[in-house]
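Please read them with the coordinates open.

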Amino acid sequence: WKAAWGGFEGNGKVAVGDAQRDLACATATVDVGLSIFAPRNVEELSRVLKPNGIVVVASPNETHLNELREMSTKGQLDGCTFLNAASNKKAKVTEQMTKDGWFQEVECVEVTQVMRLTKNDVADILGMGPSAFHAKNETENENENENENENENENENENERNDDSVFGAGGANRVDVTNAFVIQTFRRKQTASSVVPLSDSE
């Protein structure tokens with residue numbers, strides 16, 4: 001990742017796009033691609049990156065947000081539900097990025113820290129992650145009667161959830177949550193059989 005930022009000297013241009021679709025960039029024009037906690041289209045990244053260009057992929061580790069998943073299982077997050085973390089994420093990213101022969105992994109850094117989160121922080125994390133996406137799809141597939149029954153159950157159990165909430169009755173408590181992720185750097189090969197080591201470009 002150090003190589004990803006080296007050499008720009010404030011003159012770099014940034015473009016944001018959906019990496020699962022065709023990218024609005026000409027072929028072999030991009031120096032650095034970033035994929036942060038998101039799916040990616042390896043074929044498109046290979047197309048738009050210059051030879052020896054860099055892709056930096058950040059993905060959650062298996063212990064990422066573990067405390068929130070445990071709390072949600074126990075009904076302690078005021079109705080918020082978090083999905084289980086995908087296993088072997090780092091190995092899966094490596095396999096996806098390297099299987100077609102255009103990228104080679106040149107650096108891997110694992111980061112673990114503790115965050116002290118408010119109730120609003122937890123809601124924000126839920127809203128921008130896969131748990132919210134799956135919850136939305138499930139809700140859209142339910143019929144009107146099922147939604148009404150769920151709303152009734154929510155109202156009946158609201159006081160009970162508040163009593164069990166880790167945030168306390170007033171929602172002012174903070175919770176300590178593990179933030180664990182992997183930063184993997186991949187270099188695009190000039191050809192399918194050659195690669196420039198990361199250290200040679202620094």
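Is Lys74 buried or exposed?

1. The model is a predicted one. Lys74 counts as exposed, because its relative accessibility is 51% and the cut-off for that class is over 50%. Its side chain forms a salt bridge with Glu70, with 3.2 Å between the closest N and O atoms. Glu70 is partly exposed, at a relative accessible area of 46%.

2. Other salt bridges. The count for the model comes to seven salt bridges. One of them joins Glu110 and Lys90, whose closest N and O atoms are 2.7 Å apart. This pair links distant parts of the chain, with Glu110 in strand 3 (residues 103-117) and Lys90 in helix 4, 20 residues apart. Glu110 is partly exposed at 47% relative accessibility, and Lys90 is partly exposed at 31%.

3. A link between two strands. Arg116 and Asp176 meet through their side chains in a salt bridge, 2.7 Å from N to O. Here too the pair links distant parts of the chain: Arg116 belongs to strand 3 and Asp176 to strand 4, 60 residues apart. Arg116 is exposed, with a relative accessible area of 55%, while Asp176 is partly exposed at 37%.

4. Helix 3. The buried residues of this helix are Leu68, Arg69, Met71 and Ser72. They lie on the same side of helix 3, because the arc they cover around the axis is only 165°. What they pack against is helix 5 (119-127) and strand 4 (175-188). Just after the helix, Gly75 has a positive phi of about 70°.

5. Ser72 and Cys80. Ser72, in helix 3, counts as buried at 12% relative accessibility. Neighbours within four places in sequence aside, Ser72 is in contact with Leu77, Cys80, Thr81 and Phe82. Cys80 sits in the loop between helix 3 and helix 4. With the neighbours within four places in sequence again left aside, the contacts of Cys80 are Ser72 and Leu126. Cys80 and Leu126 are 46 residues apart in sequence, and their C-alpha atoms are 7.6 Å apart in space.

6. Asp78. This residue lies in the loop between helix 3 (66-73) and helix 4 (89-98). Asp78 counts as buried because its relative accessibility is 17%, and the cut-off is under 20%. Which side chains does the side chain of Asp78 make a polar contact with? One is that of Lys119, at 2.8 Å; another is that of Ser165, at 3.1 Å.

7. Backbone angles to check. Most residues other than glycine have a negative phi. Leu65, not a glycine, has a positive phi of about 60°. Leu65 is in the loop between strand 2 (49-60) and helix 3, and is buried with a relative accessible area of 8%. Asn88 also has a positive phi, near 55°, in a residue other than glycine. Asn88 is in the loop between helix 3 and helix 4 and counts as partly exposed at 47% relative accessibility.

8. A nonpolar surface patch. Leu34, Ile36 and Phe37 form a nonpolar patch on the surface, with about 300 Å² of accessible area together.

How values were computed: Residues numbered from 1 in each chain as written. Predicted model: local features only at pLDDT ≥ 70, side-chain atom pairs only at ≥ 80, totals over all residues. Heavy atoms only, no water. Helix = DSSP H or I, 4+ residues; strand = E, 2+ residues; numbered from the N terminus. Buried < 20%, exposed > 50% of the residue type's maximum accessible area, 1.4 Å probe, protein only. Polar contact = N/O pair within 3.5 Å; in protein donor to acceptor, adjacent residues only side chain to side chain. Arc of directions from axis to C-beta. Contact = heavy atoms within 4.5 Å. Patch = residues over 30% accessible without salt bridge, like charges linked within 9 Å, V, L, I, M, F, W, Y side chains within 5 Å. Areas by Shrake-Rupley, 256 points an atom, 1.4 Å probe, with all protein chains shown as cover. Salt bridge = Lys/Arg side-chain N within 4 Å of Asp/Glu carboxyl O.
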